[in-house]
Amino acid sequence: MWKGTKLYSVLFNKCPHCHEGDFFVTKNPFDFKNFAKMHSNCSNCGELFMKEVGFFYGSMYVSYGLTIALGVCMYLFMCLLLGLSELSFLIAFVVASLVLWTTIFRKARLVWINLFVKFDANSKMGRVK
Ligand SMILES: [Zn+2]
């Protein structure tokens, strides 16, 4: 349905170039031993995921932004909508951040690489990019 959009690649851990091959080795973000392991290339189109040494350092900024967005959404929901105290928000935010940090880490990397790689529906293995 969303295939061809960058959101599809980010949500379903797919290659940003072809949206077919998996980006991370495991689909489970709570597999703490392997959650950060990425394929070096896409299994479908051969897209190189590690563009250069330190390429994913920039995803730390995305990770920061995603965490702030989570905090703002939680604050609006808990404090303004439900009328809960700031302390309960703070506790819930710390717990949510600890539980979701691997997910945020992975999504930040996918958002980051999607900023630089364009989707190509006709990409196949061996084709010159
Ligand atoms: Zn691919």
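Among contacts in the protein chain between residues at least 6 apart in sequence, 58% join residues at least 24 apart, a contact being a pair of residues whose C-beta atoms, placed from the backbone, lie within 7 Å. The structure is a predicted model, in which local features need pLDDT of at least 70 and side-chain atom pairs count only at pLDDT 80 or more, while totals for chains, interfaces and linings use all residues. Residue numbers start from 1 along each chain as its sequence is written.

The protein chain contains three helices and zero strands, in the order α-α-α along the sequence. Helices (H or I, at least four residues) and strands (E, at least two) are DSSP runs, numbered from the N terminus. The C-alpha trace spans about 55 × 30 × 25 Å along its principal axes. Of the 129 residues, 22% count as buried. A residue is buried if 20 or more other C-beta atoms lie within 10 Å of its own, exposed if 12 or fewer, and partly exposed in between, with C-beta atoms placed from the backbone.

A straight helix of 31 residues would span 45 Å at 1.5 Å a residue, whereas α3 spans only 38 Å between its end C-alpha atoms; the expected span is 1.5 Å times one less than the number of residues. A kink of about 60° in α3 is centred on L100, where the bend is the angle between axes fitted to the seven residues ending at a residue and the seven starting there.

The largest nonpolar core has 16 residues, and C15, F23, A108, L110, V111, W112 and I113 are those with the most contacts inside it. Such a core is a set of buried Ala, Val, Leu, Ile, Met, Phe, Trp, Tyr and Cys residues joined through C-beta atoms within 7 Å. Helix α3 (residues 86–116) gives the most to this core, with six residues. The buried residues of α3 are I104, R106, A108, R109, L110, V111, W112, I113 and N114, and their cover includes α1 (6–12) and α2 (59–81). With neighbours within four places in sequence left aside, I113 is in contact with P16 and F49.

A92 also belongs to α3. A92 counts as partly exposed because 16 C-beta neighbours lie inside 10 Å. Not counting residues up to four places away in sequence, A92 touches M74 and M78. The C-alpha atoms of A92 and L115 are 31 Å apart in space, with the two residues 23 apart in sequence.

How values were computed: Two residues are in contact if their C-beta atoms, placed from the backbone, lie within 7 Å.
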